[in-house]
Amino acid sequence: MYSRLAAQPLRRSWAPAVRAVSSVGRTSIADSFRYHSDEPTGDRSQPPVPMTFVKADGSTHSVNAYVDQTFLQAALDHGMPIEAACAASCACSTCHVYLDDASYRQLPEPEDKEYDMLDQAFFPKPTSRLACQIKVKRTLSGATVTLPKATRNMAVDGYVAKPH
């Protein structure tokens, strides 16, 4: 059994890239990550799924996401100031978002690991989720995703998470 597991290559979905400064003057960990592959994420053979992101300052941004992308990937593709300190491994709450009620009800209940991380989030609400754990579906067309005013990041600003 050990040899079978050891023979499998590790799959890493994130890699360090150029660090950028967010609109509030802080370095966003998510700005420091891009995908290993140059291939875009999500099923691009299907029409895009329209969504709206609401930044902490109240500004709204209509974006096109693709089926099977995570909400985090869609946010990063469109330059939203969202962090991913754990490199989307569900080990932090920096990609915490609020969903509109209708979209939240369409999703399966979060797993215990996600609930544990949401317990660490600042300002949780009944419709809080981690953007790295939600996949875009056609039925989520028109979803509104609101970014919280703050996130809990145990790393120092400028820290770049290393893939594991």
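This is a predicted model: local features need pLDDT of at least 70, side-chain atom pairs count only at pLDDT 80 or more; totals for chains, interfaces and linings use all residues.
Glu114 is buried, and Arg129 is buried too.

First, Glu114. This residue sits in helix α4, which covers residues 112-118. Its relative accessibility is 3%, and buried means under 20%, so Glu114 counts as buried. What is Glu114 in contact with, leaving aside its neighbours within four places in sequence? The list is Cys90, Arg129, Leu130 and Gln133.

Take Leu130: its backbone nitrogen is 2.9 Å from a polar atom of the Glu114 side chain. Then take Arg129, whose side chain forms a salt bridge with that of Glu114, at 2.8 Å from N to O. Glu114 belongs to helix α4 and Arg129 to strand β6, residues 128-130, so this pair ties together parts that lie 15 residues apart in sequence. As a reminder of the background, side chains of opposite charge can pair when their charged atoms come close.

How many salt bridges does a search of the whole structure find? It finds two. Another joins Asp77 to Arg44, with the closest N and O atoms 3.5 Å apart. This pair links distant parts of the chain, 33 residues apart: Asp77 is in helix α2, residues 71-77, and Arg44 is in the loop between β2 (33-34) and β3 (49-54).

Now the strands. Strand β5 runs over residues 96-99, and both of its faces are covered. On one side are His96 and Tyr98, on the other Val97 and Leu99, and all of them are buried.

Which strands does β5 join? One is β6, the strand that holds Arg129. Three bridges join β5 to β6, and the two run antiparallel. In that pairing, Tyr98 stands opposite Ser128 of β6. Another is strand β7, residues 143-146, joined to β5 by two bridges, again antiparallel. Here Leu99 has Val145 of β7 as its bridge partner.

To put the pieces together: Arg129 in β6 ties that strand to helix α4 through Glu114, and β6 is in turn joined to β5. That is all I have.

Note on methods
Residues are numbered from 1 along each chain as its sequence is written. Side-chain values use heavy atoms; hydrogens and water are left out. Helices (H or I, at least four residues) and strands (E, at least two) are DSSP runs, numbered from the N terminus. Buried means under 20% relative accessible area, exposed over 50%, partly exposed in between (1.4 Å probe, protein chains only). A polar contact is a pair of N or O atoms within 3.5 Å; within protein, one must be able to donate a hydrogen and the other to accept it, and residues adjacent in sequence count only if both atoms are side-chain atoms. Contact means heavy atoms within 4.5 Å. A salt bridge is a side-chain nitrogen of Lys or Arg within 4 Å of a carboxyl oxygen of Asp or Glu. Two strands pair if DSSP finds at least two bridges between them.
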